[in-house]
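Good morning. Please have a look at the structure on the screen, and I will go through it step by step.

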Amino acid sequence: MMLGRPLLARSAPLLACLGLLGIWQVAALIINTDSFPTALDAIRAIPSILGDKESLINILASLRRMAIGFGVAVIVSIPLGLMMGRSRAVAAFFNPLLMVTYPVPKAALMPIIMLWLGVGDLAKMLVIFLGVSLPVIYHSFQGAKAVEEKMLWSGAAMGLSAAQRMIRIVLPAALPEILTGCRTGLVLALITMVTSEMIARQSGAGNILFNALDMGQYDTVYAMIIIIGAMGIGLDAAFENMRGRLVKWSEPGFDIPLSFA
Amino acid sequence: MNARAVTSDVLLGMVPIALLIAIWQAVGSLGYAPATLLPPPGMVFARLAQQLLTRTFQQEIAATLFRLFTGFLIAVVVGVTIGLFAATNPAINAVVRPIVRVLAPLPKVALYPALLLLLGFGHESKITLVVADALFPILLSTYYGASMVEQKLIWSAMAAGTPRRQILFKVVLPAAVPSILTGCRIGLVISCIVVFLAEMITSTDGLGHVLVTAARTFQAVDMFVPLITISLLGLILNGLLQGLRSYLLRGFPEV
């Protein structure tokens with residue numbers, strides 16, 4: 001029992017994956033149309049996509065843009081969020097702006113940004129940056145706001161400067177919340193990347209998906225969906241693993257963040 | 001916080017927004033960007049006001065809103081139901097939990113081509129995409145809210161003779177309402193964004209389609225108008241739900 005439970009708990013997501021693929025397989029066999037290949041057919045098409053040099057380069061280029069957009073967004077957003085959490089004036093200054101920009105569909109900015117920056121990498125990275133920033137700022141803000149005042153007072157009494165208090169007290173105390181924001185941001189980066197590529201249709205994973213759709217290569221469409229889905233699940237699992245190690249001391253309130261969009 | 005502090009906070013918050021609009025205006029009037037690339041704010045808002053009065057634009061908004069609300073309502077019904085049952089029934093929980101774990105971080109927009117193939121280019125595929133995206137925040141918030149209901153409340157209800165099935169609706173559901181409404185607010189804004197993106201990717205009507213049409217003909221003003229419209233819709237709906245929340249929760253302590 002002691003050994004069996006964690007094993008079952010750990011393999012449950014895998015079982016869920018297999019179960020979902022199984023349902024897909026059965027549904028495809030029942031519906032039996034060209035536009036809905038079976039799960040096995042789709043999985044069989046994956047090696048040919050990943051083996052094709054051009055599509056592999058395309059996918060890797062997508063991932064590179066995503067990583068840069070995500071990285072820059074995190075570097076900018078965490079300090080901003082922490083400052084908002086510790087200073088009421090900074091929070092009052094930025095909050096309405098963030099509230100107004102919250103419901104703007106970021107990937108929809110793609111055509112406008114492309115007018116200014118061209119079709120290159122910069123436009124795509126900027127859109128990803130915009131998509132990732134908000135949740136990271138918001139969670140850093142909440143994390144920094146919840147830091148106990150007493151800890152800051154003791155820090156000040158022991159002669160830490162404001163900047164030192166920020167780095168040595170606020171940052172570690174807010175870290176669990178910050179990482180939750182980053183986890184949401186990471187999945188959002190992938191979503192924004194795929195969406196913007198679907199809209200701009202220049203290159204990348206989203207473009208392969210829609211090209212295959214236009215050409216009626218249905219196996220490739222579904223194989224690409226599996227690849228992108230696996231990226232989302234894999235990135236999230238990897239990040240969750242790292243987060244668990246970094247902030248072992250903190251019990252997460254929710255084990256899946258509420259919003260991934 | 002006294003009233004004066006609140007007023008000064010609000011004024012402070014207006015600064016970056018006013019600054020942004022001022023820069024937007026200045027870039028145009030100082031000649032750094034031609035109006036074909038970045039139309040000045042006055043032009044965009046005048047165009048927006050003019051468009052809002054035309055019949056065709058109203059029809060586009062109606063098409064978008066129809067998809068948005070249908071998808072959102074389905075997501076609310078399905079999400080709250082699954083969330084409640086998963087929180088109260090260990091067997092259902094054991095099945096739902098791993099599936100949600102797998103599906104929540106999956107980029108739903110990648111499913112859109114498959115939905116197009118299966119459901120066609122009409123309303124159905126877009127509504128399904130909205131459901132897929134809005135479902136998880138609502139399901140998870142219901143689940144978290146319902147799992148944190150105080151056991152004492154349930155015991156008291158049982159001691160008072162409430163049948164097991166009624167406890168779900170009389171105790172668990174009301175106690176989870178604050179959390180559910182938070183999830184609904186997130187889900188609603190997500191629905192707004194997703195329906196717009198889906199319409200941009202493939203569509204023949206709706207606000208997203210207006211943007212794409214304008215982009216194809218390089219009409220910068222007409223690109224801004226649908227984008228601002230959908231953002232305003234998101235803000236208004238978010239505000240309405242917030243109002244509903246504070247009305248429904250008027251007895252509750254601040255949560």
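Predicted model: local features only at pLDDT ≥ 70, side-chain atom pairs only at ≥ 80, totals over all residues.

For chain B overall, the mean pLDDT is 89, and 98% of its residues reach 70 or more. For the model, the scores are ipTM 0.87 and pTM 0.89.

Next, the overall build. How many helices and how many strands are there in chain B? The count is 10 helices and zero strands. Read from the N terminus, then, the elements of chain B are α-α-α-α-α-α-α-α-α-α. The C-alpha trace of chain B spans about 75 × 55 × 30 Å along its principal axes. Chain B has 255 residues, and 41% of them count as buried.

Now look at which parts of the chain meet. Take the contacts in chain B with a separation of 6 or more: 71% of them are between residues 24 or more positions apart.

On to the two chains together. In chain B, 51 residues are in contact with 51 residues of chain A. Which elements of chain B give two or more residues to the side that touches chain A? They are α1, α4 (90-103), α5 (112-119), α6 (123-147), α8 (164-201), α9 (207-216) and α10 (220-248) of chain B. The largest share of that side, 11 residues, comes from α8(B). By residue type, the side of chain B that touches chain A divides into 42 nonpolar, six polar and three charged residues.

Let me pick out one residue. Thr229(B) sits in helix α10 of chain B. Is Thr229(B) buried or exposed? Thr229(B) counts as buried because 21 C-beta neighbours lie inside 10 Å, and the cut-off for buried is 20 or more. Leaving out residues up to four places away in sequence, Thr229(B) touches Leu48(B), Ile61(B) and Leu207(B). Of these, take Leu207(B): Thr229(B) and Leu207(B) are 22 residues apart along the chain, and their C-alpha atoms are separated by 8.0 Å.

Last, two residues with a backbone angle to note. Asn32(A) is not a glycine, yet its phi is positive, about 55°. Asn32(A) lies in the loop between α1 (4-31) and α2 (39-51) of chain A. With 9 other C-beta atoms within 10 Å, Asn32(A) is exposed.

In chain B, look at Phe218(B). Phe218(B) is also a residue other than glycine with a positive phi, near 55°. Where is Phe218(B) found? Phe218(B) is in the loop between α9 and α10 of chain B. Phe218(B) is exposed, because 12 other C-beta atoms lie within 10 Å, and exposed here means 12 or fewer.

To go back over the main points: chain B has 10 helices and zero strands, and 51 of its residues are in contact with 51 residues of chain A. Thank you.

Note on methods: Residues numbered from 1 in each chain as written. Chains lettered and ligands numbered in written order. Helix = DSSP H or I, 4+ residues; strand = E, 2+ residues; numbered from the N terminus. Contact = placed C-beta atoms within 7 Å. pLDDT = per-residue confidence, 0-100. Nonpolar A, V, L, I, M, F, W, Y, C, P; charged D, E, K, R; others polar.
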